[in-house]
Structures are given as structure tokens and as C-alpha cells.
Amino acid sequence: MPNTSLPPVLTPEHLAGAYSYASYRQLIDELMAEGKTTGTTQTEALTAYARLNIQRMERLDAKAQLLPELQDALGKITQTYEWVILTEGWCGDAAQIVPVLEKIAQASNGRIRTYYLLRDENLDLMDRYLTNGSRSIPKLVVLNADLLTEVTNWGPRPALAQDLFLEMKAAGATHEEFAEKLHGWYAKDKTVATQHELLTILHGLA
């Protein structure tokens, strides 16, 4: 049963203003047509990252397959949940993970509904889910559908990728070096680590 003593994470009005996956993707595409990306900071580098991210999301939308055990776990969920995802178009991790979150929701027979919020437009929420003091994204917040109270949260990346990030950060790697190695890891992993961690979340849902 949901814990009725917990406060709601956000309001129904907040959710009503969120993007669907289709409208989130449309926003990114429309901004790219103007040479822009999402967020409060606009640079040529961020726009270039966003352009690559569009290609990554398109590839995962078309080719990523859910693990059989994850599909089995989805079939055992009886309650309804809202998945709130904090993201931005320029974020490479988001491009590798958001399509997987959406595929899970689409395979849930309506038990999971996704809502996409831009980080820079929702800092009040983002700052409740910092990673080592950083506004790292994507961030998934799982809510009970009726009370909008938190069940759990996850992100910004699978543990193996986070370990890689921390290792390279400690070694003084540049952003370009880190991005190249990280996306190489994602390409080799083929969403398996992400799906296994999300499977653990699904096992905890009623």
C-alpha cells in the first residue's frame, strides 16, 4: 500500500505541464532546426552534442530490445505508477537511457506513464535529487499514481558507467575523453546494464 504519510513530490498541475516522449523528441528536433538545444545555456558544443544525441535516440528507438525477464516483471505489476524523468536534449547519458525508459513504459500495458521535465526549467525538483551535489541527469523519480508520493528514484547512469565516470574524473580526463569512452561503453553494453538496474526497480513495484 502507498505510504499516505509522505508528501507528494509534485502537483498534478506540474505533471500536466510535462512533455510526453513524442513532444520531448519534437522539441529537441525543432530546436535543432534553429541551431539550438534545450536548457538555459546555448553553445556550439552543446548543440553538437544534441545533434549526436538525436542520432543515438533514433537508433535506440529503432533497435533496442527489452530483456525477457524485464518484460516478465512488467506483467506482474498491478498498480499504476508515474515515472517522472528529468532530462535535457544536450545530455549524452539521457540520450542513452531515456529511450529505454520509454520502451519500458510502452510495454507496461498502461501501468507506467512517463512524464519528461527539463532540468533547467525545474531546478526546484532537480535539487531534491542531486548526485554527489551535482545536478546530474537523467534522473528517474517513480511515483504512486494516486498520491504522487515517491516510491524510489534512479539515475543518472548505471553503476558501471558511474564508476567509469568517477575513475576518469579522478584521472583528470577531459570532457571529450570521457564522452568518447563513456559512449563506447554504452555502445558495447547495448542497454543491458541499464535494463538490469531498472529490472530491480520493477521487482519492487506491486
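H3 and H5 are roughly parallel to each other.

Biologist: At what angle do helix H3 and helix H5 pack?

Modeller: This is a predicted model. In it, H3 covers residues 44-63 and H5 covers residues 92-106. Their axes lie 9 Å apart. Angles under 35 degrees count as roughly parallel, and H3 and H5 pack at about 25°.

Biologist: Which residues of H5 does H3 meet?

Modeller: H3 brings Asn53, Arg56, Met57, Leu60 and Asp61 to the contact. By class, the contact of H3 with H5 has four nonpolar, three polar and three charged residues. On the H5 side, the residues met are Gly92, Ala95, Gln96, Pro99 and Lys103.

Biologist: How many residues of strand E3 are buried?

Modeller: E3 spans residues 139-144. On one side, Lys139, Val141 and Leu143 are buried. On the other, Leu140, Val142 and Asn144 are buried. Strand E3 is therefore largely enclosed by the rest of the structure, with the buried count at six of the six.

Biologist: Which residue of E3 is the bridge partner of Leu86?

Modeller: Strand E1, residues 81-87, pairs with E3 over six bridges. The two run in the antiparallel sense. The partner of Leu86 in E3 is Lys139.

Biologist: Which residue in the turn between E3 and E4 has a positive phi?

Modeller: Four bridges join E3 to E4, and these strands run antiparallel. They form a hairpin with five residues between them. The phi is about 60°, and the residue is Leu148.

How values were computed: Residues numbered from 1 in each chain as written. Predicted model: local features only at pLDDT ≥ 70, side-chain atom pairs only at ≥ 80, totals over all residues. Heavy atoms only, no water. Axes fitted to C-alpha atoms, helices over the stretch in contact; angles between N-to-C directions. Parallel < 35°, antiparallel > 145°, perpendicular 65-115°, else oblique. Contact = heavy atoms within 4.5 Å. Nonpolar A, V, L, I, M, F, W, Y, C, P; charged D, E, K, R; others polar. Buried < 20%, exposed > 50% of the residue type's maximum accessible area, 1.4 Å probe, protein only. Pairing = 2+ DSSP bridges.
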